[in-house]
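Look at the sequence and the structure below. This report goes through a pocket, the nonpolar cores and some backbone angles.

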Amino acid sequence: HQKQSVDHSTSKAERGSFDIKSRAWIIRHQKQSVDHSTSKVEKILQPLSADITHRVGMTAASSSSSKKVVKSFISAHVSDEKRRDPEFDEQLNARVLVLEKTRTGCKPWKRVSVKKRCSLTSRQKRRLGIGHFPKSEQRYDLFVPLHKLWCQYMQDVMQISPNSKPATLEPKVLKADYHGCIMTVARSKCPSYVGMTGIVVQETQATFKLVTQRDCVKVVPKAGSIFSFEVKGFQFNLYGSQLCCRASERSAKKFKTKPTVDL
């Protein structure tokens, strides 16, 4: 047992000496690599030879200072008339001179300007009372002149004649303004809206506001309703589910044929 312990201790000592030798070899190798790299850097940073400085047009003494190098380079490659110009000294001292040609293919970066909101917000409209009709103004006879103006407007827009065909009038009807139109709810998912008739006083994205002959304002949703109105003997039906957009957006919208569930 004592012999085994002695052998074990000697093997540990041998291993420790081997570790010390390996560490010493690593340190020596790292030192050699550092010395090799420093010698490379010293070779790169050596001053220019007299032959090269003579060919470039610089003196050997000017290579020690960057300012002297630049001045000697300019004196060798810039004409005397250009150096006498006082603007040349100002440009040389105040501006950065680009020695290489810049890339012309890439476009300069432009700052994207954020458009300011010109229209009123919904909160501001509620505070100002826009779209709110007081009870004293909810009278059918007050909006009859508006309906007459709308009839003249539709006559000018649609150019209705006895030979007009409905197929040519329908695209114009979709993009027309309905404020002042006498509109009737022909069909609706809600039975209480069916048969309601009135003058359109306001159109929103999802509703029509009608003033009825009973002098009250009714809000009818577009979705799930079919509206009908008449212009110069032509009767048109509007499917409200396909008109769920603002009046200003509808004038520029391209309508596509969509299947509609019969009500």
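The sections below describe a predicted model.

## The second largest pocket

The second largest pocket has a volume of about 450 Å³. Its lining is made of 16 residues, and Ser-122, Lys-125, Gln-202, Thr-204 and Arg-246 lie nearest the centre. By type, the lining residues divide into 3 nonpolar, 8 polar and 5 charged.

Helix 6 (122–128), strand 2 (197–203) and helix 9 (247–250) each supply at least two residues of this lining. The largest share, 3 residues, comes from helix 6.

## The nonpolar cores

The largest nonpolar core has 23 residues. Met-158, Tyr-178, Met-183, Phe-229, Val-231, Phe-236 and Leu-238 have the most contacts inside this core. Several elements each supply at least two of its residues, including helix 7 (144–158), helix 8 (166–174), strand 5 (225–231) and strand 6 (234–239). A second, separate core has 6 residues, among them Phe-133, Tyr-140, Phe-143 and Val-201.

Leaving aside residues up to four places away in sequence, Leu-238 touches Val-173, Tyr-178, Met-183, Ser-225, Ile-226, Phe-227, Phe-229 and Leu-243.

## Positive phi angles

Most residues other than glycine have a negative phi. Asp-215 is not a glycine, yet has a positive phi of about 60°. Asp-215 lies in the loop between strand 3 and strand 4 (217–221) and is partly exposed, with a relative accessible area of 38%.

Lys-232 also has a positive phi, near 50°. Lys-232 is found in the loop between strand 5 and strand 6. Its relative accessible area is 59%, so Lys-232 is exposed.

Methods
Residues numbered from 1 in each chain as written. Predicted model: local features only at pLDDT ≥ 70, side-chain atom pairs only at ≥ 80, totals over all residues. Heavy atoms only, no water. 1 Å grid on protein atoms, 1.4 Å probe; cavity = no way out; pocket = protein on both sides within 12 Å on 5 of 7 lines; lining within 4 Å. Points joined across faces, edges and corners; volume = space filled by probe spheres on them. Helix = DSSP H or I, 4+ residues; strand = E, 2+ residues; numbered from the N terminus. Nonpolar A, V, L, I, M, F, W, Y, C, P; charged D, E, K, R; others polar. Core = buried A, V, L, I, M, F, W, Y, C linked by side-chain atoms within 4.5 Å. Buried < 20%, exposed > 50% of the residue type's maximum accessible area, 1.4 Å probe, protein only. Contact = heavy atoms within 4.5 Å.
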